[in-house]
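Please keep the sequence and the structure in view while reading.

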Protein chains: 2
Amino acid sequence: MDQFFDPKTVAIIGASHTPGKIGYEILNNFIKGGYKGELFPVNPDTQPILGRKVYASIKDIGASIDLAVIATPAQTVPDLLQACADKKAKCTVVISGGFSETGAEGAALEERLKEIVRKSKMRLLGPNCIGVYDPYTKVDTLFNASDRMGKPAEGGIGFISQSGSVGITILDILYEERMGLSKFISYENGADIDEADSIEYLGKDQKTRSILVFLEGVHDGRKFLKAASDVSKRKPIIVLKGGKGAAGTKAAASHTASIAGSPRIYSGAFRQAGIIEAADWEQLFDFTKAFMQPTPKGNRIAIITNGGGFGVLAADASEANGLVLPDMPESIRKKLKKIVPPHIILRNPTDLTGGSTDEWYEAALKEVLASDQFDGIILITIFSTPLLSEGIADKIIPFNNPNKPIICCTVGGGYTIRHIRKLEAAGLPVYPTPERAAAAMAALLRYRKMKERR
Amino acid sequence: MDQFFDPKTVAIIGASHTPGKIGYEILNNFIKGGYKGELFPVNPDTQPILGRKVYASIKDIGASIDLAVIATPAQTVPDLLQACADKKAKCTVVISGGFSETGAEGAALEERLKEIVRKSKMRLLGPNCIGVYDPYTKVDTLFNASDRMGKPAEGGIGFISQSGSVGITILDILYEERMGLSKFISYENGADIDEADSIEYLGKDQKTRSILVFLEGVHDGRKFLKAASDVSKRKPIIVLKGGKGAAGTKAAASHTASIAGSPRIYSGAFRQAGIIEAADWEQLFDFTKAFMQPTPKGNRIAIITNGGGFGVLAADASEANGLVLPDMPESIRKKLKKIVPPHIILRNPTDLTGGSTDEWYEAALKEVLASDQFDGIILITIFSTPLLSEGIADKIIPFNNPNKPIICCTVGGGYTIRHIRKLEAAGLPVYPTPERAAAAMAALLRYRKMKERR
């Protein structure tokens with residue numbers, strides 16, 4: 001699959017002369033993104049596009065082709081794919097929709113694609129997909145206009161999506177939140193490469209440290225379980241499964257021709273394979289972010305806050321997520337009482353109140369981190385309280401450590417967002433609500449427990 | 001309670017000379033915010049603060065006092081409150097903490113406050129609270145620095161919070177999302193005015209169209225049910241209850257001395273009183289936003305999307321929230337087939353795909369709105385797809401109508417956010433995930449059903 005991400009030559013079949021058209025935007029994204037290899041637009045109308053020479057057919061191209069991207073109407077795809085096979089293209093991405101997701105006729109068309117691939121050494125992604133994006137090599141088959149969405153910079157998150165919209169939106173938010181990507185793969189109908197191949201590939205990929213997956217169905221259960229079980233021993237895999245109820249199942253069938261299956265069976269299989277299951281789009285993103293932090297040794301959490309209500313909500317959510325809040329040990333209380341005034345209640349949550357200073361936070365963090373009574377910290381900071389300095393984030397950051405996870409929680413406008421950026425740049429993930437912070441901590445614990453059990 | 005929100009004279013007892021201190025920031029916020037009445041800082045050290053004359057005691061003030069704000073250590077509060085009563089101040093906000101939330105000693109102190117209030121005509125908010133904010137009159141007792149958080153402009157949302165941090169963060173996000181506020185009330189320990197009084201008051205308030213409430217406990221169950229049952233007939237009340245599990249209950253006790261009680265009993269009582277219960281911080285905000293829209297007549301929803309995966313997730317979430325997705329009627333399909341190409345699958349969800357144009361959206365919206373087969377629309381738009389124009393939001397906005405709710409869903413960076421702002425300014429609420437959009441639609445339906453039943 002390497003050739004999908006680091007091709008020296010790319011043919012774009014169905015490159016269009018019309019801005020906005022999919023075949024135009026793909027070529028444009030390759031050029032604008034700074035892809036360094038050779039580009040070969042293909043279109044029977046050979047007038048130049050974006051100043052590039054256009055080829056009437058892939059067979060007219062003098063060079064060998066590493067990656068061919070096909071974005072033409074469905075009926076034309078089999079012949080064009082055959083031409084790619086004849087050209088000995090190493091891999092192809094079929095963007096075009098109108099295959100098995102549309103019914104029997106489309107399914108027959110998709111069978112022809114499969115047969116062509118079977119008879120060649122070529123690998124295929126799609127059809128009905130948005131393909132690949134690699135921030136390292138700038139390979140980018142996404143057709144969404146680059147000036148309308150952000151694309152994440154280089155980093156460690158590998159992202160596999162059976163949906164373009166889930167793919168696009170998560171990529172855009174990864175960019176917004178300055179989180180780095182290793183590789184993005186969208187495979188949708190999965191006529192050749194499927195979720196299992198993608199997981200296995202990213203499992204071996206040196207740049208990928210965690211893998212997030214949106215899927216609507218599994219093409220081959222046994223293959224999927226094997227790949228996931230193997231990879232999850234080394235890297236966390238976070239999966240969101242779409243198509244859970246009757247309505248979603250029907251929608252998944254007409255979206256990617258997926259047979260969705262019982263959500264309970266899926267959840268059981270995920271657990272067995274060491275996968276962390278996300279309940280919704282938000283958790284898919286949230287859990288991925290959590291893995292900036294180490295996993296907790298156990299479920300004993302300290303909540304430190306300067307907002308009592310946020311502390312109450314975090315306590316509720318911790319309990320709902322299987323975490324426990326041991327009482328603050330007397331030894332810690334004693335030490336903190338020297339620093340905070342008597343009306344501060346040193347329980348768990350420790351509510352430093354809206355009158356908290358930087359020093360109170362530093363003292364509480366220091367003691368809880370040093371204590372063997374706690375396995376992790378949920379750190380809530382309402383940054384707008386008056387006695388916290390503008391440098392409070394810089395004072396929190398040194399407590400980031402490889403042994404005990406710190407999950408941060410705060411929400412607000414511009415002033416708060418500046419602090420969030422600082423914390424996250426330093427590897428401390430920040431969640432906008434106590435409930436999401438607690439769920440993220442629980443996801444870290446779940447991964448560790450699954451690893452220990454296996 | 002009017003005097004809390006429209007006082008002609010305000011005494012700030014414990015006004016401080018030190019920036020950052022609570023008593024300084026409160027005075028500063030009144031001045032900076034543009035409060036038009038008279039301000040009387042009170043402090044034994046009578047050096048001017050922020051250029052204002054300072055009074056050694058409230059009794060030295062020549063004018064009568066409509067609102068007194070007390071922000072001094074707990075032990076000093078009873079005497080200062082007595083002085084306010086002697087001065088015949090109409091109402092007081094006690095910001096100071098250190099009362100019943102800290103244990104028996106504090107509870108005794110709080111009893112003294114109650115007694116003083118009982119013997120006077122004065123009303124009291126707090127103690128241990130952040131008080132009130134009114135964007136119309138600029139009365140603002142919040143001590144968080146104004147340059148660190150946004151405060152919402154004038155509008156129709158009444159907000160009652162038993163927590164400063166939940167209060168502050170929701171206000172900040174209301175500001176960020178350009179949503180208008182009528183009045184904000186934080187009462188915490190509720191020694192005099194409690195959640196029931198606040199609900200009753202906002203129920204009568206002309207400016208308030210919906211009421212959101214964060215509470216950790218209810219001071220007087222019968223009084224609360226009576227107030228809520230009455231008000232919910234006229235305005236939606238959305239409540240988030242903190243302190244659900246054992247840990248949260250303990251935290252609530254030491255935060256606001258609340259006796260949290262069984263979550264199941266609370267949920268039952270909420271339903272009985274016509275209250276819409278939010279499951280978490282996010283839903284408290286989300287549900288409030290939903291009431292920009294009319295309520296649906298029934299549970300039959302159409303999902304229109306240009307992202308298949310988002311459609312699948314919305315279908316799952318709709319079903320999980322008790323909504324149903326009827327098939328697209330043949331009559332609508334026929335009409336749409338004249339506009340969209342044959343590979344577009346006109347089911348429910350209607351997935352217009354990443355190749356959608358503005359016209360396809362307009363056609364689908366027009367037909368579904370006109371149909372008596374659907375009670376509401378979940379409208380998903382991935383704005384970055386290439387064939388949607390930059391003016392797509394302006395084409396969606398005219399479909400906003402008072403009969404059939406449209407709940408929008410999209411997520412992304414700058415380009416997408418500009419579209420979200422446009423839609424929300426026109427009264428179309430936008431949610432970042434399909435799951436949150438579906439839950440918001442279900443909340444609208446729940447409110448209507450509760451109203452119809454009563």
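Predicted model: local features only at pLDDT ≥ 70, side-chain atom pairs only at ≥ 80, totals over all residues.

In chain B, helix α8 is followed by B:A257, a residue whose phi is positive, near 55°. Within the helix itself, which spans residues 246–256 of chain B, the buried positions are B:A247, B:G248, B:A251, B:A252, B:S254, B:H255 and B:T256. What do these buried residues of α8(B) pack against? Their partners belong to chain A, namely helix α11 (308–320) together with the strands β14 (345–346) and β15 (350–351).

The pairing of α8 in chain A with α11 in chain B can be described in terms of axes. On the side of α8(A) the contact is made by A:A246, A:A247, A:G248, A:T249, A:A251, A:A252 and A:H255, while α11(B) contributes B:G308, B:G309, B:V312, B:A315, B:D316 and B:E319. Sorted by class, the residues of this contact comprise six nonpolar, five polar and two charged.

The contact joins B:V166, B:T169, B:I170, B:I173 and B:L174 of α5(B) to B:W281, B:L284 and B:F285 of α10(B). In this contact of α5(B) with α10(B), seven residues are nonpolar and one is polar, with no charged residues.

Two single positions, one from each chain, may now be considered in turn. In chain B, B:G376 has its place in strand β16, which covers residues 376–380. Is B:G376 buried or exposed? Its relative accessible area is 0%, and since buried means under 20%, B:G376 counts as buried. Leaving aside residues up to four places away in sequence, B:G376 touches B:R300, B:I301, B:A302, B:K404, B:P405 and B:M441. One of these, B:M441, is 65 residues from B:G376 along the chain, yet the C-alpha atoms of the two are separated by 8.0 Å.

In chain A, A:D79 is found in helix α3, residues 77–86. With a relative accessible area of 54%, A:D79 is exposed, because the cut-off for that class is over 50%. From C-alpha to C-alpha, A:D79 and A:I116 are 9.5 Å apart in space, and in sequence they are 37 residues apart.

Chain A can finally be viewed as a whole. Its secondary structure comes to 16 helices and 18 strands. The radius of gyration of chain A is 25 Å, close to the 22 Å that the globule rule gives for 454 residues, so the chain is as compact as a globular protein of that length. Taken along the principal axes, the C-alpha atoms of chain A fill a box of roughly 80 × 45 × 35 Å. Of the 454 residues of chain A, 66% count as buried. Among the contacts in chain A between residues at least 6 apart in sequence, 75% join residues at least 24 apart.

Technical notes
Residues numbered from 1 in each chain as written. Chains lettered and ligands numbered in written order. Heavy atoms only, no water. Helix = DSSP H or I, 4+ residues; strand = E, 2+ residues; numbered from the N terminus. Buried < 20%, exposed > 50% of the residue type's maximum accessible area, 1.4 Å probe, protein only. Contact = heavy atoms within 4.5 Å. Nonpolar A, V, L, I, M, F, W, Y, C, P; charged D, E, K, R; others polar. Rg over C-alpha atoms; globule rule 2.2 N^0.38 Å.
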